[in-house]
Amino acid sequence: MVGNGGGAAPILVSGGGIGGLVAAYALARQGFPVRVFEQSPEFREVGAGIQLGPNVFRELEKIGLKDAVLADAHRPPAQEMRDALTGNLITQVPLGPAFFERFGQPYAVTHRADIHGTFLKACQDSKLITLETSRRVDGFEDHGDHVSVTLENGERVDGRALIGCDGMWSTIRERIVGDGKPRVSGHIAYRAVLKRADVPDDLWRPDVVLWAGPRTHFVHYPLRRGELYNLVAVFHSDRYEEGWNAEGSKDLLWQHFKGQRPEVLRMLERIETWRMWVLCDREPVKNWSKGRVTLLGDAAHPMLQYLAQGACMATEDAVVLADKVAASPDDLPAAFKAYEQERYLRTGRVQIMARVYGDFYHARGVTAELRDLALANRPPQQAYEGIAWLYGGP
Ligand SMILES: Cc1cc2nc3c(=O)[nH]c(=O)nc-3n(C[C@H](O)[C@H](O)[C@H](O)COP(=O)(O)OP(=O)(O)OC[C@H]3O[C@@H](n4cnc5c(N)ncnc54)[C@H](O)[C@@H]3O)c2cc1C
């Protein structure tokens, strides 16, 4: 039995993705023992890139991991949006000194395995964190003064509280929020990573480049200090209901991108194997904490990736959660409610705005013309102020 407050009973974390590991680390830094249960046989991230806005570096700095994350990352000089049919530049946002001056933090892109690996090493180096693989959490009970989780093999583990970091298809969420399956957006993402040597010199760009097409977009940027190149192709299709990380059909991709600029098609041609994601999200909610159980990251607020913020939001969650727990260690239900209260409007706004950005990227006809007009000749300062609600911090 675990008493309220004191004692060394661990906080239990279900899921060892980016959210689960950074939550474990942030809590351990505040002196709390943590046990992380990951269903997979190893702690691992998919081979793909991830963009990191300045808001995440502000949080990483607080927990001492900013430099380690930046060490493997690439710092793009600019974000650029081009018309995938004409090749015209729609807008360009510099990410160099003026950006840094505005937000006090950099913009970077990195390999998921690199940032996840940094969090994993930080957890492995902590004496307060126990990392357990091939341990799927199937259920839990909140006993008022402690929680217990049931693992796949029937084993029961007691803890002081439970944090569901089990992603988009969270089983913990089903019990806490109970809002069924995620919403299938009808958007499909194909992702691949190339070696630098496999990218033709005339196509390699140091920037984050987004080619906006009718009901499609294609993004590319360098990874791992420029040694790799990340490609993401997104298109609309009702063909798939749900799924995660399956091999993608090349024919389907070509159907959606045919007629686009040679720069796009030549790059798409380089890829042998694509991994496919059926993109889903949910409506924002604010009841993701109940008693000694709470949710974090995609389990709490899954979003489309159009603002490139899911992992950033999970990291912000983790730092806020650890602060609330530290401020109220003897009343974790109150700490979890305070965490939810501080987070739900911000994360909900990102969930909603991500959909709007997706519509913007995939616009057709007059809507696309209006988008281009709105963005044409926009000075960088105006672009910065437009996104300051997000990049300016939690
Ligand atoms: C195409 C695409 C591009 C993206 N680009 C960006 C970007 O540029 N920037 C950004 O910030 N975000 C981006 N995201 C979002 C980001 O990937 C997610 O928001 C983030 O990975 C969520 O982390 P998480 O830890 O909450 O969930 P997950 O990464 O899903 O991790 C959940 C973990 O829990 C484990 N698990 C699940 N169920 C159980 C269980 N019952 N018991 C134990 N373990 C369990 C899983 O195996 C997994 O390891 C993108 C997403 C997509 C699809």
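Which residues is glutamate 340 in contact with, leaving aside its neighbours within four places in sequence?

Modeller: Before anything else, keep in mind that this is a predicted model. Once the neighbours within four places in sequence are set aside, glutamate 340 is in contact with Lys286, Asn287, Trp288 and Ser289. As for its place, glutamate 340 sits in helix 10, which covers residues 332-361. Its relative accessibility is 4%, so glutamate 340 counts as buried, the cut-off being under 20%. For a sense of distance, take serine 148: glutamate 340 is 192 residues away from it in sequence, and the two C-alpha atoms are 22 Å apart in space.

With 52% relative accessibility, aspartate 359 counts as exposed, whereas glutamate 340 counts as buried. Aspartate 359 and glycine 31 are 328 residues apart in sequence, and 44 Å separates them in space, C-alpha to C-alpha.

Now on to helix 9, residues 310-327, which packs with helix 1, residues 18-29. Their axes are 8 Å apart and meet at an angle of about 25°. That angle makes helix 1 roughly parallel to helix 9. The crossing of these two is right-handed. On the helix 1 side, the contact is made by Ile18, Gly19, Val22, Ala23, Ala26 and Leu27. Helix 9 answers with Ala311, Ala314, Thr315, Ala318, Val319, Ala322 and Val325. Sorted by class, this contact has 11 nonpolar residues, two polar ones and no charged ones.

Helix 9 has another partner, helix 2, which takes in residues 54-62. Here the packing angle is about 35° and the axes are 9 Å apart. The crossing of helix 2 and helix 9 is left-handed, while that of helix 1 and helix 9 is right-handed. Helix 2 brings Asn55, Val56, Glu59, Leu60 and Lys62 to the contact, and helix 9 brings Cys312, Met313, Thr315, Glu316 and Val319. By class, the contact of helix 2 with helix 9 has five nonpolar, two polar and three charged residues. If you compare the lists, Thr315 and Val319 of helix 9 turn up in the contact with helix 1 and again in the one with helix 2.

Next, have a look at helix 8, residues 262-269, where Val264, Leu265, Met267 and Leu268 are buried. Looking down the axis of helix 8, you'd find these buried residues within an arc of 165°, so they line one face of the helix. As background, an α-helix has 3.6 residues a turn, so residues three or four places apart point the same way. The cover over the buried residues of helix 8 includes strand 13 (208-213), strand 14 (216-223), strand 15 (228-236) and helix 7 (250-257).

Arginine 215 lies in the loop between strand 13 and strand 14, and it has a positive phi of about 55° although it is not a glycine. Its relative accessible area is 37%, which makes arginine 215 partly exposed.

Terms used. Residues numbered from 1 in each chain as written. Predicted model: local features only at pLDDT ≥ 70, side-chain atom pairs only at ≥ 80, totals over all residues. Heavy atoms only, no water. Axes fitted to C-alpha atoms, helices over the stretch in contact; angles between N-to-C directions. Helix = DSSP H or I, 4+ residues; strand = E, 2+ residues; numbered from the N terminus. Parallel < 35°, antiparallel > 145°, perpendicular 65-115°, else oblique. Left-handed = near helix turned anticlockwise from the far one by under 90°. Contact = heavy atoms within 4.5 Å. Nonpolar A, V, L, I, M, F, W, Y, C, P; charged D, E, K, R; others polar. Buried < 20%, exposed > 50% of the residue type's maximum accessible area, 1.4 Å probe, protein only. Arc of directions from axis to C-beta.
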